[in-house]
Amino acid sequence: AFTTVFAALKGHVDTGSQVTVKGWLRSKRDSKAGISFLAVHDGTAFDAIQAVVPNTLENYESDVLRLSTGCAVIVSGELVESQGKGQSVEIQATDVQVVGWVDDAESYPIAKKRHSFEYLRTQAHLRPRTNTFGAITRVRTTLANAIHNYFHENGFNWINTPIITGSDCEGAGELFRVSTLDMANLPHTESGAVDYSQDFFHDEAFLTVSGQLEVESYCLAMSKVYTFGPTFRAENSHTSRHLAEFWMVEPEIAFADLNDDADLAEDLLKHVFTRVLDEREDDMAFFQQRIDNTVIDRLRTVIDNSFERMDYTQAIDILRNSGKQFEFPVEWGVDLASEHERFLSEEHVGRPVVVMNYPKDIKAFYMRLNDDEKTVAAMDVLAPGIGEIIGGSQREERLEVLDARMDPHLRDELWWYRDLRRYGTVPHAGFGLGFERLLNYVTGMENVRDAIPFPRTPGSAHF
Ligand code: 4AD
Ligand code: MG
């Protein structure tokens, strides 16, 4: 039997008991008095546990003195109140077994205490051993569980929409092609172009950019549904908020309009923020102290206040009257750039804001046309420090109006999507929450590349 570092540190094990912990060395210090101090972490808690190892151990010289950061060890001994500062308990070790050596301490890539996040991205296989990435990993897990938990408690079904698909939901042409073609022997059409109709075992296929279109069909049967899975965008963006592969949460609700959609977004975020503050106190204290000293307040503010909501038209007025010099000029009809989104949420409101009813020309075909015929029932949730974390809309449920917004080839391709408007159509709405952007918002980390274990961005398919 063994004890997790979490159980030992958090009082789940009485002092005076014999414990065994298994983990990796974060650091070691050898005192002149013949005692070594090992800091052992196992991923369960933010802090490592200190093991005090006396030189009376049989393998003190042969093993303990040779240990370095990164070695895997099993340490047994008595859990005692700590004499030193910095920890409440420690292990008075009576046995240290080395399970895995670090073959060359000098070359261990994360031996130093502080590394830049840029550098750690080149060590994606080892960065989870740092305290920052341990904390990110646990918060990511808690957020995912809180999201599933929220939907489960509220009667939503989780729909596993396909990753390989024929449709470009967002219509932005940012698709990764899935190919089974023999690159050395490409088929061609009569005109000489590559014949992609034979691509995926005789069909054209892509990695999904969003599960929305497919999840709408389940929504119009199950009433409340959501997807939560990986999505892909072949956009050549080199920013701190874009990944080529990211995870998205997409709820979809039937007999609902845009206000219901915004209510759902607000309720979901409040639920998950409450859970993360409750469950990951130690990790959140770290983010607060070392990454961004506003994170905890920021989450509390979201929990305690209702979201500010404004129309796009109103947002444009605010931006134009702000007196700020923006890089991208503002006028009615433009898509909001990140600087505009941040101004609205950070400086104007000071917390997340829901902007609703955007011009139809800058939004996707499936968004419901408003009575003014100039805007659609779209909403974005903009967050301080990040900008857009949620994009959603009420869907166009009227076949004629939808058809008018689709070009003819899309009407053919999305025959099944049109069917949903022919057979028992109802008003419905949904949104997509970018999971890595959410994690950045919660932790104060600045780059989405640090919010996913193995970031995929242009030029980084491997590491
Ligand atoms: O606004 P988007 O493109 O909306 C959709 O895909 C809709 N079909 C969702 C729906 O209504 N069901 O993307 C939704 C969210 C964004 O607000 C953002 O948080 C995130 O997904 N996102 C990205 N995150 C990381 N890297 C990227 N390249 C992202 N693109 C979008
Ligand atoms: Mg969007």
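## Before you start

The model is predicted, so local features need pLDDT of at least 70 and side-chain atom pairs count only at pLDDT 80 or more, while totals for chains, interfaces and linings use all residues. Residues are numbered from 1 along each chain as its sequence is written, chains are lettered from A and ligands numbered from 1 in the order in which they are written, and side-chain values use heavy atoms, with hydrogens and water left out.

## Helix α3 meets helix α6

Let's begin with a pair of helices. Two packed helices are described by the angle between their axes and the distance between the axes. Axes are lines fitted to C-alpha atoms, for helices over the stretch in contact, and the angles run from 0 to 180 degrees between N-to-C directions. Helix α3 covers residues 131-153, and its axis comes within 10 Å of the α6 axis, crossing at roughly 125°. The two are therefore oblique to each other; on this scale, angles under 35 degrees count as roughly parallel, over 145 as roughly antiparallel, 65 to 115 as roughly perpendicular and the rest as oblique.

The crossing of α3 and α6 is left-handed, meaning that the near helix is turned anticlockwise from the far one by less than a right angle (clockwise would be right-handed). On the α3 side, the contact is made by N131, T132, A135, I136, R138 and V139, and on the α6 side by D283, M284, F286 and F287. Contact means heavy atoms within 4.5 Å. By type, the residues of this contact divide into six nonpolar, two polar and two charged. In that sorting, Ala, Val, Leu, Ile, Met, Phe, Trp, Tyr, Cys and Pro are nonpolar, Asp, Glu, Lys and Arg are charged, and the others, Gly among them, are polar.

## A closer look at D283

D283 belongs to helix α6, which runs over residues 281-291. Is D283 buried or exposed? At 0% relative accessibility, D283 counts as buried. The cut-offs are under 20% relative accessible area for buried, over 50% for exposed, and partly exposed in between (1.4 Å probe, protein chains only).

What does D283 touch? Not counting residues up to four places away in sequence, D283 touches F46, A135, R138 and V139. With R138 there is also a side-chain polar contact of 2.9 Å. A polar contact is a pair of N or O atoms within 3.5 Å; within protein, one must be able to donate a hydrogen and the other to accept it, and residues adjacent in sequence count only if both atoms are side-chain atoms.

Helix α7 has another partner in α13 (residues 435-443): their axes come within 7 Å and cross at roughly 115°. That makes α7 roughly perpendicular to α13. V295, R298, L299 and V302 of α7 face N440, Y441, V442 and T443 of α13, a group of five nonpolar, two polar and one charged.

## Buried spots in loops

V209 sits in the loop between β8 (206-207) and α4 (212-222). With a relative accessible area of 2%, V209 is buried. Its contacts beyond four places in sequence include D168, C169, L175, F232 and M248. V209 and G392 are 183 residues apart along the chain, and their C-alpha atoms are separated by 14 Å.

E397 is in the loop between β14 (387-394) and α10 (399-405). This glutamate is buried too, at 9% relative accessible area. Leaving aside neighbours within four places in sequence, E397 is in contact with R368, R421, T425, V426, P427 and H428.

## Positive phi and a partly exposed residue

Most residues other than glycine have a negative phi, and most peptide bonds are trans. N357, in strand β12 (residues 353-359), has a positive phi near 60°. E373 also has a positive phi near 60°; E373 lies in the loop between β12 and β13 (375-383) and counts as exposed at 53% relative accessibility.

Lastly, E413 is in helix α11 (residues 408-413) and is partly exposed, with a relative accessible area of 34%. Beyond four places in sequence, E413 is in contact with G166 and S167.

Methods
Helices (H or I, at least four residues) and strands (E, at least two) are DSSP runs, numbered from the N terminus.
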